[in-house]
Amino acid sequence: MSVRDAEELEALLGDPADDANPYGFAAAVGRDERDAFPAEFCAELARAGFHLNYLPKEWGGTFEAFDRSLTLVRSAARRDVNIMPGTMFSIIAATCLQLHGSVEHQQLAAEVLRGGGAVGFALTESAHGSDLLANEVALSADGVLDGEKWMVGLGLRCEAVYVVARTGARGPGAFSAVLLDLRDVPAGQLERLPAAATNGMRGIDLARLRFTGLRVPDGARVGREGEGLEAAVKAQQAVRLMSMAGSLGIADSAVRIALDFAAVRKVGRTVLASSPWPRRELSVAAAALLAADVSALTAARGVHVVPEAFSVWAPAAKHVVAESCEELVRRAGAVLATRSVLREGEGGAGLFQKLQRDTAVVRVIDASTLANLKSYAGQVPTLTEGGAAAADPEALSAVFALDAGLPAYEPERLDMFARGADPVLAALPEAAAEVSAALAADPSAAPVAALVEELAAAVAGLGGLTRAARGPGADPNALVDAAERYAWLHAAGCAVHLWRANRDRPLYGTEPGSAGWLGAVLGYLLARADGTDPRRRGAVLEPALDAALALRESGLLFTALPVRLASNRREES
C-alpha cells in the first residue's frame, strides 16, 4: 500500500482529536511525557508506504515532487512532529548517495530504506557543532576510522550509516565519506550511545556513534576523496525542505488550538476572536502562518526548476519558516494565556506545551539560526549586486503556477554556490508592476498595492546594503543582517509571484484574485525585514485571520490549496 496524497493519509490516520486514536494528539502527549519513540505510529506509516515518499522511483520509492512530500509530511507532523525524524532522518544520507554514491551504495541504501529501515548520517561532533571544518573524526590512509560523531538521527537503530570523516589536513577538501553496513561491523569497533536528551521532540532517536579502530571495508568509500563535505552541504538543501514541513505541522496545530479557544472563550459578552487585542495577536499569528506556507511551498516547487539557486533559496526559506512559526506559537500562547503553560487539561493544554517545546528543536535541528544565515550570507552580494539579469518567465511560471507540472528533481544540479541573479527577485520589478496595476482597479486593494511598491523599493536597495556590509569599517554582523533581510524580502517576492500566477485560483480559502491574504503576508514579511513588530502593520494583517478562520471552519489544512482534514469537528462558535 502507498498513500497517494495528504487527504488519503488523513483518512487513514483518523481524527487526531479522538483521545482513543493512537495516531492522535492525546497519544502524542502521552509519548512525550514518557520520552517514548513513536514506534507504533511509524510502523503504521510504514505499512502505508509513507517512508517511500522521498525515495526516487528507481530505488523503489514513490517520490514525485517535493511539494507533494512537503504536504504529506506536514499532515502527519501536525499530529506529532516526532514522526518526521522517526521516518525521514535518512533523507540526507539518501540524497548524498544520489549525488555521489556508486550503484552498489545506492542499492544497499534502497534495500534498507524500502524495508522500513534507516541509514544514519554522521557529520557533526559535540566539540565543534556547526564548525564543520574543525571536525576530528578521522579516516586514516590505511582505512581505519576513529572518533565520535554526535546527534546522529536514528543512530541507535540504523542498519547503515553515511560518515563524513577527515582524510586531509585542512579546508573543505579535507573530508571524505564512507557508507558503512553496520550489520557487518565487528564487535568492539562501534559503540552506539544515546545523545543528550532534547527538551522538545522527546523520545526521538539521536545517538553518538563512537568508532574505535573500525576498519572500513573495500568499496565503502563514497565518491572521490575530499568531496564528502561538499556532498553533505548540498544534500542539506533538500533536508531543509522537510524540516520546514515539521515546522508547518506544529504551526497548524498551534494556530488551530488558539482559534478553537478564541471562538468560544468570552471576555464579558465578546468572544476572544472578536476582541481587539486577541484578534490582533491572532492576525499576526495567521499572517506568519501564511507567510511560512508561501515560503515553504514555493521553495518545494523551486528546487525542481532552479536547483542551482538552492544554496541560498533553501536556507533563506528555512529561516523564514522557522522564525515565523516560532513567532506564531508565541502569539498563539499569548491568546491562550494560562492554558499555554498547563501540562494537562481541556482545550489542548498539554498538546500546546509539547508544540512549544517541539518548535524550538525543529528551529535548529539541521542548523542553528546563526549557522543557517552564515551558510549563505557570503553569496547574497552575488545575487543582489549583479544587476537585473533576465529571469526565465517559463521557469517562474513552473514554480509559482500551482497547477503547472514540475520537471523531474535533479539533485546533481544542486550547487555549493548560487551563480548569477536571484530568479525570484530579478523578475520582481516586472511582477510588481503588473500586480500593482491589477490591484489599482480595486480601490479597496490600495493598501496592498502600496505594500507591493514598498517591497519593490526594498529589493532595489539590497545591492547597496550588501555593498555597505562589505565596505571598510562595516559592522562585523552587517553581512549576516543583510542575509536575514534578504530572506524576508525573498519570501515576500515569492508571495507576489504566487498571487500573480494564480489570480484565477482560490488560494487560502479566499475568492480568486483576492488580495487580502497577499497584503497580510507582505505586511508581516516587510515588518520582519525591517526588524519591527508586525502588530504595527495593523489592519492589513486581519485578512490572514479571516482566511484561517474560514479554513478552520471548512476543516482544511492551513495551506494555499485545500487539503481536507480527517475531522470537521468544531466547537460551536
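Where is the place of alanine 309?

Reply: Bear in mind that this is a predicted model. Alanine 309 sits in the loop between α9 and α10. Helix α9 covers residues 276-305. Helix α10 covers residues 310-336.

Is alanine 309 buried or exposed? Alanine 309 counts as buried, because its relative accessibility is 16% and the cut-off is under 20%. The C-alpha atom of alanine 309 is separated from that of glycine 86 by 29 Å. Along the chain, those two residues are 223 residues apart.

Now step back into helix α9. Serine 295 has its place there. Serine 295 is buried, with a relative accessible area of 3%. Beyond its neighbours within four places in sequence, serine 295 is in contact with Ala317, Val320, Val321 and Ala491.

Next, go to the other end of α10. Alanine 337 lies in the loop between α10 and α11, the latter being residues 349-362. Alanine 337 is partly exposed, because its relative accessible area is 43%, and that class runs between 20% and 50%. Its backbone deserves a look. Phi of alanine 337 is positive, about 55 degrees, although the residue is not a glycine. Most residues other than glycine have a negative phi.

Tyrosine 508 also has a positive phi, near 55 degrees, and it is not a glycine either. Tyrosine 508 belongs to the loop between α19 (478-501) and α20 (516-530). Tyrosine 508 is buried, with a relative accessible area of 0%. Threonine 559 is in the segment after α21, which spans 542-553. Threonine 559 counts as buried, because its relative accessibility is 9%.

Cysteines come next. The structure holds 0 disulfides. Cysteine 325 is in none; the nearest cysteine sulfur, that of cysteine 494, is 16 Å away. Cysteine 494 is likewise in no disulfide, and its nearest cysteine sulfur is that of cysteine 325. Both cysteines are buried: cysteine 325 has a relative accessible area of 1%, and cysteine 494 has 1% relative accessibility.

Now the nonpolar core. The largest one has 200 residues. Those with the most contacts inside this core are Leu145, Tyr162, Leu180, Leu328 and Trp517. Helix α8 (residues 228-264) gives the most to this core, with 20 residues. Take leucine 328 as one of those core residues. With neighbours within four places in sequence left aside, leucine 328 is in contact with Ala251, Ala254, Val255, Ala285, Ala288 and Leu289.

Helix α8 returns at the largest pocket. The volume of this pocket is about 1,500 Å³. Its lining has 50 residues; closest to the pocket centre are Leu123, Leu132, Gln236, Asp366 and Ala367. The biggest contribution to the lining is from α8, with 9 residues. Among the elements that each supply at least two lining residues are α10 and α11. Others in that group include α5 (83-88), β3 (144-153) and α12 (369-377). By type, the pocket lining divides into 30 nonpolar, 15 polar and 5 charged residues.

The largest cavity holds about 80 Å³ of space. Its lining includes Tyr54, Leu55, Pro56, Phe63, Phe66 and Tyr409. Ile91, Ala94, Thr95 and Gln98 line the largest cavity too. Helix α6 (residues 91-100) provides the largest share of this lining, 4 residues. The cavity lining is made up of 8 nonpolar and 2 polar residues, with no charged ones. Helix α6 is also among the elements giving at least two residues to the lining of the largest pocket.

Back to the starting point.

Conventions:
Residues numbered from 1 in each chain as written. Predicted model: local features only at pLDDT ≥ 70, side-chain atom pairs only at ≥ 80, totals over all residues. Heavy atoms only, no water. 1 Å grid on protein atoms, 1.4 Å probe; cavity = no way out; pocket = protein on both sides within 12 Å on 5 of 7 lines; lining within 4 Å. Points joined across faces, edges and corners; volume = space filled by probe spheres on them. Nonpolar A, V, L, I, M, F, W, Y, C, P; charged D, E, K, R; others polar. Core = buried A, V, L, I, M, F, W, Y, C linked by side-chain atoms within 4.5 Å. Buried < 20%, exposed > 50% of the residue type's maximum accessible area, 1.4 Å probe, protein only. Contact = heavy atoms within 4.5 Å. Disulfide = S-S within 2.5 Å.
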